[in-house]
Every structure is written in structure tokens, then in C-alpha cells.
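Colleague: I have just opened this entry and would like to learn how to read its features one by one. Could you take me through them slowly, giving the general idea before each case?

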2 protein chains.
Amino acid sequence: MSQGKPSIPKGTRDFNPEKMLRRNYIMNTIKKVYQVYGFLPLETPAMENLSVLTGKYGDEGDQLIFKILNSGDYLSKISENPLEVGAKKLTPLISEKALRYDLTVPFARYVAMNRHEITFPFRRYQIQPVWRADRPQKGRYREFYQCDADIVGTDSLVCEAEILCMLEQVFNELGINAYKVKLNNRKLLTAITEVCGHPGREVDLCVAIDKLDKIGQEEVVKELLLKGFSDSAIAKLNPIFDLQGSNTEKLAKIEAFVGGNSIGQAGIQELRDIFNHYTAFTGNSPDKFVDIDFTLARGLSYYTGAIIEVKALNVSIGSISGGGRYDNLTGVFGVPNLSGVGISFGIDRLYDVMEELDLFKNLYTDSTKVLICHFDTETLAEGQKLAYLLRSKGIYSEIYPETSKIKKQLSYADGKKIPFAIIIGSDEITTKQYTLKNLLSGTQESLTLEGIIKVIQS
Amino acid sequence: MSQGKPSIPKGTRDFNPEKMLRRNYIMNTIKKVYQVYGFLPLETPAMENLSVLTGKYGDEGDQLIFKILNSGDYLSKISENPLEVGAKKLTPLISEKALRYDLTVPFARYVAMNRHEITFPFRRYQIQPVWRADRPQKGRYREFYQCDADIVGTDSLVCEAEILCMLEQVFNELGINAYKVKLNNRKLLTAITEVCGHPGREVDLCVAIDKLDKIGQEEVVKELLLKGFSDSAIAKLNPIFDLQGSNTEKLAKIEAFVGGNSIGQAGIQELRDIFNHYTAFTGNSPDKFVDIDFTLARGLSYYTGAIIEVKALNVSIGSISGGGRYDNLTGVFGVPNLSGVGISFGIDRLYDVMEELDLFKNLYTDSTKVLICHFDTETLAEGQKLAYLLRSKGIYSEIYPETSKIKKQLSYADGKKIPFAIIIGSDEITTKQYTLKNLLSGTQESLTLEGIIKVIQS
């Protein structure tokens, strides 16, 4: 019952071993840093009740949630002709569950459900795939991993400083040296709307200002005018668009701009506190990798305090990490006043950056170090003994499972990029000196098992 | 827009940090053994095209596949009233994709699609969740992880022996000492049907015999009679039901039973070869943990050679691992003659076994080792410096992010089961001797940072 060529759904990917080793390297690096900072793992189900997800991502987001068809006879409780009901109204009748769209809403749902058992402040990390019915295009997939860490249950800005430390450590360990962390505070965006005379128009201001990088100041101004911002307001905004200088200078300028506006003053104080906490941790100023940017808005997010975004420099790839502080994670699930701050890494983006910078070249990978080759039943048996000993020492080893020509065995090693081969002839069984071939350099030497282990582990 | 108490779909689970640390410990142990044996990671998408999955798991399996509703107006191409079409025929019209049901079919699909790039024999491991619309009950979930390793592209029985070695190493490292690996060969089941005069009735024989453990010999005989097996056939089967003795004795007895039956002789030779290869690897006989069992069938699986199942002893839990050899992994996808052998661990079952045997007690977990406590802004800053130094040494550390009463800070450590606290008073800043409190024993001592690191890492 062959059915011809199989395929995978558009926007999804198989990750072959080579890609997996690289992805695991990235994820394990991030995971390790999260753990060193006291974050603990959490996993939530792929499926959530549809009611948990709908209404959390805006109308557009609701459209992009993958819904799961109820099992069994899902039409049994429907009496009206579904074609007359229409897909939109039919969906909740034939689908109770959906695939998670991000990790934040399931996390909020988890915290709301388990708040009496959780020790706050709660530091959790979560690395799981999410699904979105977006139109697939280059760099945008329907299934992709998110890699989040959040601290909820404290307002302390020590946490924001810890996130800066973590960002620094992750990029350092991945070998990504050229990057900038952009930092803003939502309170300053609010203050700006108030100062320019359009209080409450924060969302419109953010949406427009968020595009500054992509479309330029002229187009942003057009959009603001279109949205009813006055000429005088836009004139007032001018210093915001091209605020130059060091972080200290920027803070001084924005302080002059917000003047007596109290929410603006609070935002400035928060930024200064984060910088001071970073210095308390490291002894250094964050100026070398953090740029304050009062136009950073990260779309229509739920951030209420710090807004963080990281861009890799010298590559054609957008932001590789982002996050911020939110005041009300679980309010929508009936648990108000839980403040938190979080950070998320984009695995696919990091992968692309590292590939573009050729950073995967020399990294340690969890793959076979040595292939044992043999000629006949007798040398196979000797090789099995060696394989078992090497494996018991934790050395990733394989023995070619069939008696084949050495050429075929070495070609297998080549295909799998195995760096060493041990070749066992009948002499070797008696002398206990085995031929170790370095498959990268082509050299070989005759060694005892102990000698071989030393070379492989060096 | 609070919506009251949220919940998760039945049959699914949140894994809190404590459970995650234990699950990760189990999965990392298995992963490490797989890697040492040369297996490389593969991941496939959660969603597969429905056509890839249907028809692979029998009619009952098809019912249990979670289908994903097409996005957008999924009714637009339907003209007939869906209520008249019926759910069964409607499903493929409104759903193109489904959640994977196991890891084997996606693996087969991957191998068929990528066979020209793969280096054979291909050793891959895959640890991912699968989804089944089964009725949830104790120990049966709608989302659960599978943890598979397969070698495809070789008939060599060296691979079966490697699987026995891996099983031994995994259980040894997890601390599970009381277990038995049951081993059979499908060829012997075939031979038995031939010898007892019902050739080709292998499936019926397997289904009945598979229940021997659960319902006993008498009921199995009843079922065989009901299915048309003759009295004389069942009389002939008698020695199969209560074959006692060592593996060597069992092999001798089955040899007498199958007589000149060639497929039976082949099955016996394979079992002997697997034993010999195991001994070549380890120097030991597998008799201490492997029991040949000619009634082992593992349901209606696709196994054609070895059949493997592992049971933990002294606990009330069923099989914890299983696998076997199959002749034709990818035939259904148009690529014939690819033989392979695989093994799979049940993470949930292993978790339950380890909990029942209290094996999680002393295991190393990836959680915070030390909490730094402080009294005011000045001691917080000193603590931040320490936290940063400890973290740079890879020691999982936290600093309490708020200035709170020491009692509250220590209660946080208690809730998170953190074993050590460093308490920094203003004296400590000048002396650089800090108070290290062992939160398990209640003792405390005054130490330099170096001294603290030594104690924590010991």
C-alpha cells in the first residue's frame, strides 16, 4: 500500500542530526545560563483549551491559532447546517482545544492555577515549540521553538539587571561578540504622549514609532499625522527621534524633555536603577553593550516597565532576543497584581546568526568520536570488546556492524564526520597495539588502548 | 476581561519544576547512553500531513489521531451539508494535518524523503511528545514523550546486542537494578503456527498469546479455540506455554519443537547470535538479565525479527521499554527493503518506577545551590558582587531580589529546597568573611568566598 512521495506540512521542518546538534548546542547554552541564575524548568501541554488562548493575541492572533478538531463524532451536537453557521461560529462548536501560540499565556495560566503551591518570586524557564498559522516565508515558520525565562512576583529591578547579565553571558558563550542590547521603559513612552499633548494615545504612538527602524522618520511622521497627532505635537517629538550621545547624555536629555511629568521621572529612575544594579553585579558599566533607545516599543506588547531588544551587528538578521516587564501577567485569569519580567531568545535567528558568522565551525558536538573497523568475525569480536570499553569511559564510539570492505567502513565514518577510526587486523589482536587513523589529517599510528583514549580525549 | 478559573485539557499535564528536573534527569541519562552508542538526534514536526499518518495504526489508531482544523474559511470548498456528509467523510475535507501519533511513522517518512542524503546504517534518536485521543486514565495520557533510538540500513545482529548493552547501561545509571529483558523472535512465532498446523495464522496466535500474562493460559486456549485453532494444534502448543529453564535450555527445547522448520531454525540462530554478540561486547553472558520468552509478541507490531520488552521487577508497573527488528520500515512510503531495529523507553513509566523505588532521593538536580541574603542597599550590592562571581564559576546562585526580612528570604530558600544561604551583614563587607548557613543541617560557619565555593562544590 505504497502511497508515493510523502511530504511535510508547509512552514514546518525536519531537523536532521547536523542541525539538531547545532540547535541543541544553542539551547543547552541558554538553558545552562538560565539554570546558573536560578531559573527552573517548566513544561505545559502543546494543547490548551481554546478558551485559554482566544482573546489574548488580538483578532489577528486569534486567526493564527491552530485549532484541534474534537475527536469522535464532532458533528453530533450540531443541528443547523454548518455551511449556514459559517466557519467562524462553527469552530468553537467542533474544536475545544488548540495548539499553544506562545509560552507566555500558558505560563500565566499555569501561575494562575498553581499560585498557592508556587514559591514567589517564581523563576521559570520554558523551552518548547509554539505553532502559528502564519503564511510561511523565509525565516518565518508555522512551528518554532521559544526559549523564555521569567521572574514573577517581584517589582525589584535587580531582576532587569540580572537579565542584562544573562544576555551578556549567553552571547559570550555562543561566541557572538558584536551585538547591542536596546533598552527602553514603557513609562517613558507614556510620558512622551502626555508631554506632546496626546495623553492616552500611547498605542498609536508606539505602533508608529516602532517602525522607525524600518520606514524612517519621514514615514513615521506621516503616520502620526494620519492618526491625528498635531503638528505641534510632532514638532515636540523631534528630539526623541534623533536623540544622540551616551546613555548618560540620553537620560539627561529625556529628563529635560519630560520635565515635571511624574511617570516620565519614574521611568528615568528605573533605567538608572537598572544600570546601577548591573554595575553592582559586574563592577562594570553596561554602556559597552546596552544602548538606551526611547523609540523601542516592541509592537503592541503588554510591557509596562523595561523593554529590551537585542540586535546582532554585522549580519542581516533582525532581533535575536527580546523581553521586558509586565504588571499584570495573570489578571486575565482572575489573579491580579502579579508583576514580572522576562526574556526570550529566538533559536532560529540565533542559528542563522551563528551560521552567518561561521561560529559552528569548531564547536563541540555530541557526535561519534571513533569508528572501529574490522575485517572478519575474529576482528569484529575484538572490536566489540574495545567498543564496550571505550563506551564505558563515556567516549562516543561505534563499531561498524557488518563485515565489509574497509573502504566502505571508512566511507561511513566520512559521511558521519567521525574524526577517528581504529582499524583492527588479526595481528592487532595478539599485539594489543591498534592502528588509530586520524581521518581529518590522514595520519595514523599504532597505539595501545590507553594511548588511543588519550589521543581521542585530547 | 477576567474569565474565571482556567484549566488544561483532560489527559494532558503541566510539569512543574520538581517534576521537570526528574524527567530531565531520566531523559538526559537515556540521551547520553544513546549518544555514547553513536546515535544522533532527529526532530520532526508535531504536525504531519494527515495522509502520512492515516492507515498506519489500524482503524482504531486512525480514530485516535488528533486532527488539526484547516485555518481560514475551511468550509469554503464544501457544497454539501456537512451533517449529511458525516464527520468521518468530512474530516479529510476540513483537516489536512494531524498531530504525530508516534515517532516511528514520522521517522520512516523522514528516511524515505531523505534517503539520498543519509549515511547508512543510520543511527538516530528522537525524544519528542506524541498525541493520542485515547480515553485518559491512570498512567495513560493524551500527550506523552516517546524516547526512541533506531538503526536502519543493516541486518547485522550486532545492533540487537548493542541494544541489550544500552538497556543495561540505562537502568544501571538510573539505579533500577531489578528488571528483566524479555526477548523473542518473530520468526519463532511464525514457525510455531506452521508446526502446529495453522500456517499464516500468526496474527491470531500473537493476539491470543500476547494476553498470556494478563488472562492466563486457560483463557488464551479458549480464545484460540474460538478463532478456529484445532484441539491438536493447541495440544502441540502446550510446551510453548510453560517452557521453563535457562535460556540455553529454552533454546534447546524450542529447537526440538520446530524440528526441520527452516524459519524456526533461522529464528533460533538469530537468538544465539545476539547472545554471542552480547558476550563479545561485554565478556559476560546476558543470562543474568535477559529471559527468552517465546510468548512475547508485543501486540500486532511490525516486528519481523527480535522482539524486546523490559519489565521492572518488584513494582506494580508494566513494561518500561520495548522494541524489536522490522524488515520494511519505509515500504509504505515507496522505499522497500530497509531493515532496522529500534528501542523505546517509556518516560512516564520510568518516572513512576523511580518514584516507587525512591530513586529520586539523592540525585543531582539542576537547581539553585545557594541563596544570598542581605539586609539593606549596601549589603544587597555586596551580595550582587558575590552572586556574579559564583555564577561566573558555574555555581547555580540566586540573590533575593528585594530587601526583606531574613526570615522571608530563608523561607524562599526553603520553598525552593535551596541547600545553602550566604547571609551578608555590614560587618561581612569589611571582613570579607561571610556567614554560610547549611539549610539542611541548620549549622553555619564564617568563611571567605573561596571557602564557601569549596563547601558548596563538595
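Colleague: What should I know about the model and its numbering before we start?

Modeller: This is a predicted model, in which local features need pLDDT of at least 70 and side-chain atom pairs count only at pLDDT 80 or more, while totals for chains, interfaces and linings use all residues. Residues are numbered from 1 along each chain as its sequence is written, chains are lettered from A and ligands numbered from 1 in the order in which they are written, and side-chain values use heavy atoms, with hydrogens and water left out.

Colleague: How many helices and strands does chain A have?

Modeller: Helices (H or I, at least four residues) and strands (E, at least two) are DSSP runs numbered from the N terminus, and by that reading chain A has 18 helices and 16 strands. The radius of gyration, taken over C-alpha atoms, can be set beside a globule rule of 2.2 Å times the number of residues to the power 0.38. For chain A the radius is 28 Å, well over the 23 Å that the rule gives for 458 residues, so the chain is more spread out than a compact globule. The C-alpha trace of chain A spans about 90 × 70 × 45 Å along its principal axes.

Colleague: What share of the residues of chain A count as buried?

Modeller: A residue is buried when its relative accessible area is under 20%, exposed when over 50% and partly exposed in between, using a 1.4 Å probe and protein chains only. Of the 458 residues of chain A, 59% count as buried. Contact, in turn, means heavy atoms within 4.5 Å, and among contacts in chain A between residues at least 6 apart in sequence, 67% join residues at least 24 apart.

Colleague: Which residues does Thr282(A) touch?

Modeller: Thr282(A), found in helix 13 (residues 262-282) of chain A, touches Cys165(A) and Tyr388(B), not counting residues up to four places away in sequence. Thr282(A) is buried, with a relative accessible area of 14%.

Colleague: Where are helix 15 of chain A and helix 7 of chain B in contact?

Modeller: The axes of helix 15 (residues 377-392) of chain A and helix 7 (residues 158-174) of chain B come within 13 Å and cross at roughly 25 degrees. The contact is made by Leu380(A), Gln384(A), Tyr388(A) and Arg391(A) together with Val158(B), Glu162(B), Cys165(B) and Glu168(B).

Colleague: How many residues of helix 6 of chain B are buried, and what do they pack against?

Modeller: Helix 6 (residues 104-114) of chain B is mostly covered, since ten of its eleven residues are buried, among them Phe107(B) and Tyr110(B). The buried residues pack against several elements, including helix 1 (17-36) of chain A and strand 5 (122-131) of chain B.

Colleague: Is Ile307(B) buried or exposed?

Modeller: Ile307(B), in strand 9 (residues 306-312) of chain B, is buried, with a relative accessible area of 0%. Ile307(B) and Arg186(B) are 121 residues apart in sequence and 6.7 Å apart in space, C-alpha to C-alpha.

Definitions and conventions
Axes fitted to C-alpha atoms, helices over the stretch in contact; angles between N-to-C directions.
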